[in-house]
Amino acid sequence: MQTRCSVSIEHNADPMKQSLLGIIGHHISYTLSPALHNEAIRVLGLPYTYGVFDVSGEMLPGLLEAMRREHVRGANVTKPHKEAVMPLLDELSGEATALGAVNTIVNTDGVLRGENTDVDGVRASLVPHAAMLSNEPLLVLGAGGASRAALYAAAEFRPCTIMIHNRNTERARQTAAIFAALFPDVRFDVVEAANLVQAASQARLIVNTTTVGMTPDTDAMPLPNETRFSNHQIIFDIVYTPLQTALLRKAAADGAAVINGMDMFIHQGARAFTLWTGEKFPVQAPRERVLRELGMR
Ligand code: ATR
């Protein structure tokens, strides 16, 4: 029987000694967040365990109420709830408010605060390429919560233009309007499907924030098949399951520099972990654990 709400926890924790963390999303069996965080918890010997809260939108209010009541310390939030969760929280950080998206919840004595650590993840992935982004045109694919984090981080590198393409063009327009107000020095242009190949050829950096190419549909491409890349371009796919998406395989074959979703995944998780536990995230062991899990798939 298919249920709309399922909870699975990786370790058998002693409820008297452990506090619960987890990831809230729907249809997220692919997620490696439990592997990432449980490895960090194990390395540091902390009294937490990290599970999966797979819920539909209508179950969200009940889940958040249970978080308050049961003293769940915190959670990550992923697709499709990053925006829907916002009105259900008690407080929002400045970045979460500016982005209109929450990917991390911190529970302090029943007060649920929404944060956005996806921005830290994108920033960490782009910093090594910062010098190549200033005053250049960029293209962001997608207009959901992850897209907003990518736009926010990318805009800080002062490109001249950020083009936004989304399957739902109206959503791209709304996102472009929000960011034009936030970053008046950067131009935000919406790209329709008919102009996408040309836009992709002009962009110095392309960031895929859609779920296209993610397991199990790993041959899917977020850009038309006729798109060609060059060795002047950087292609960044925030998908991390698999690490080498069809987009990155094609970009590398055409000579472009590629950035996979690993650093983004690690750094968004690292900041969330510190917000919940107060501890510095031990990057190395969780990274190796995630790579091992990916290798087993
Ligand atoms: P997140 O908060 O993680 O970004 P989301 O808000 O559900 O998740 O956004 C998912 C993104 O992937 C959206 O841009 C979505 O496009 P729509 O806004 O048109 O729904 C995009 N996406 C998902 N499946 C897609 C598909 N098959 N083709 C193109 N874009 C897709």
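I'll take the ligand site, then the aromatic pairs, then some backbone details.

A caution before we start: this is a predicted model.

Asn168 uses its backbone instead, with an N or O atom 3.0 Å from a ligand oxygen. Thr211 faces a nitrogen atom of the ligand, and a polar side-chain atom of Thr211 lies 3.4 Å from that nitrogen. How much of the ligand does the protein bury? On its own, the ligand exposes 640 Å². The protein buries 75% of that. And the site itself? The ligand takes up the space of the largest pocket.

Next, the aromatics. The structure holds six aromatic pairs. Let me show you one of them, Tyr50 with Trp276. Their ring centres are 6.0 Å apart. Their planes sit at 50°, so we call this pair tilted. Where are the two partners in the fold? Tyr50 is in strand 3, residues 48-55. Trp276 is in helix 9, residues 262-277. So this pair ties together parts that are 226 residues apart in sequence.

The bond from Lys79 to Pro80 is cis, with omega near 0°. Pro80 is in the loop between strand 4, 74-77, and strand 5, 91-92.

Thr215 and Pro216 are also joined by a cis peptide bond, with omega about 10°. Look for Pro216 in the loop between strand 11, 205-208, and strand 12, 234-237.

Then there is His71. Is its phi positive or negative? Positive, near 60°, and His71 is not a glycine. You'll find His71 in the loop that runs between helix 2, residues 60-69, and strand 4.

That's my tour. Over to you.

Conventions:
Residues are numbered from 1 along each chain as its sequence is written. This is a predicted model: local features need pLDDT of at least 70, side-chain atom pairs count only at pLDDT 80 or more; totals for chains, interfaces and linings use all residues. Side-chain values use heavy atoms; hydrogens and water are left out. A polar contact is a pair of N or O atoms within 3.5 Å; within protein, one must be able to donate a hydrogen and the other to accept it, and residues adjacent in sequence count only if both atoms are side-chain atoms. Accessible areas come from the Shrake-Rupley method with a 1.4 Å probe; for residues, only the protein chains shown count as cover. On a 1 Å grid over the protein atoms alone, a cavity is a set of points where a 1.4 Å probe fits but cannot get out, and a pocket is an open set with protein on both sides within 12 Å along at least five of seven lines; lining residues have an atom within 4 Å of a point. A molecule sits in a cavity or pocket if more than half of its atoms lie within 2 Å of its grid points. Rings of Phe, Tyr and Trp (its six-membered ring) pair if their centres lie within 6.5 Å; planes under 30 degrees apart count as stacked, over 60 as edge-to-face and the rest as tilted. Helices (H or I, at least four residues) and strands (E, at least two) are DSSP runs, numbered from the N terminus.
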